[in-house]
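Me: Hi! I have a structure open and would like to talk it through with you. Could you help me find my way around?

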Amino acid sequence: MLNLQCTKCNYRFSKEQMPKRCPYCGADGTLKKTQSAQDLLDSTIAEQAMIDHEREARHQK
Ligand SMILES: [Zn+2]
């Protein structure tokens, strides 16, 4: 599932595939992918895990 937002009207929605036009204002080529809150949360957790791992590795030397 893609999280999409129209850069023209800021309409946000989710679709299986990137549509050609914004379903709200009908503008062409204004859609961009956005991250959902869950995606942001996941990447933050992954980043934190990496930092922890690095810190551990440094501590062992
Ligand atoms: Zn739009």
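Me: Let's start with one residue. Where is Asn 10 found?

Reply: Asn 10 sits in the loop between strand S1 (2-6) and strand S2 (12-15). Keep in mind that this is a predicted model.

Me: Is Asn 10 buried or exposed there?

Reply: Asn 10 counts as exposed, because it has 11 C-beta neighbours inside 10 Å, and the cut-off for exposed is 12 or fewer.

Me: And what is phi for Asn 10?

Reply: Phi of Asn 10 is near 65 degrees, which is a positive value in a residue other than glycine. Most residues other than glycine have a negative phi. The hairpin of S1 and S2, with five residues between the strands, is where Asn 10 takes that positive phi.

Me: What holds strands together in general?

Reply: Strands of a sheet pair through backbone hydrogen bonds, and the pairing is either parallel or antiparallel.

Me: What about S1 and S3, over how many bridges do they pair?

Reply: S1 and S3 pair over three bridges, again in the antiparallel sense. Look for Cys 6, which stands opposite Leu 31 in S3.

Me: So what is the order of the strands in the sheet?

Reply: The order is S2-S1-S3, in an open sheet of three strands with antiparallel pairing. S2 and strand S3 (31-33) stand at the edges with a single partner strand each, so one side of each has no neighbour in the sheet. From one strand to the next, the twist averages 35 degrees.

Me: Which residues does Tyr 24 touch?

Reply: Leaving out residues up to four places away in sequence, Tyr 24 touches Cys 6, Cys 9 and Tyr 11. Take Cys 9: Tyr 24 and Cys 9 are 15 residues apart in sequence and 7.9 Å apart in space, C-alpha to C-alpha.

Me: Let's zoom out. How many helices and strands does the protein have?

Reply: There is one helix, and there are three strands. Along the sequence they follow the pattern β-β-β-α. The radius of gyration is 18 Å, well over the 10 Å that the globule rule gives for 61 residues, so the protein is more spread out than a compact globule.

Me: What does the C-alpha trace span along its principal axes?

Reply: The C-alpha trace spans about 60 × 20 × 15 Å along those axes. Buried residues make up 3% of the 61 residues.

Me: Now the helix. How many residues does H1 have?

Reply: H1 has 24 residues, and from its first C-alpha to its last it reaches 35 Å, close to the 34 Å expected at 1.5 Å a residue. The number of buried residues in H1 is zero, so the helix lies largely in the open.

Me: Can you give me an example? Is Ala 37 buried or exposed?

Reply: Ala 37, which lies in helix H1 (residues 37-60), is exposed because it has 8 other C-beta atoms within 10 Å.

Me: Last one, on confidence. Which element has the lowest mean pLDDT, and which the highest?

Reply: H1 has the lowest mean pLDDT among the elements (85), and S3 has the highest (95). The protein as a whole averages a pLDDT of 90, with 97% of the residues scoring at least 70.

Me: Great, thanks for the tour!

How values were computed: Residues are numbered from 1 along each chain as its sequence is written. This is a predicted model: local features need pLDDT of at least 70, side-chain atom pairs count only at pLDDT 80 or more; totals for chains, interfaces and linings use all residues. Helices (H or I, at least four residues) and strands (E, at least two) are DSSP runs, numbered from the N terminus. A residue is buried if 20 or more other C-beta atoms lie within 10 Å of its own, exposed if 12 or fewer, and partly exposed in between; C-beta atoms are placed from the backbone. Two strands pair if DSSP finds at least two bridges between them. Axes are lines fitted to C-alpha atoms, for helices over the stretch in contact, and angles run from 0 to 180 degrees between N-to-C directions. The radius of gyration is taken over C-alpha atoms; the globule rule is 2.2 Å times the number of residues to the power 0.38. The expected span of a helix is 1.5 Å times one less than its number of residues. pLDDT is the predictor's confidence in each residue, from 0 to 100. Two residues are in contact if their C-beta atoms, placed from the backbone, lie within 7 Å.
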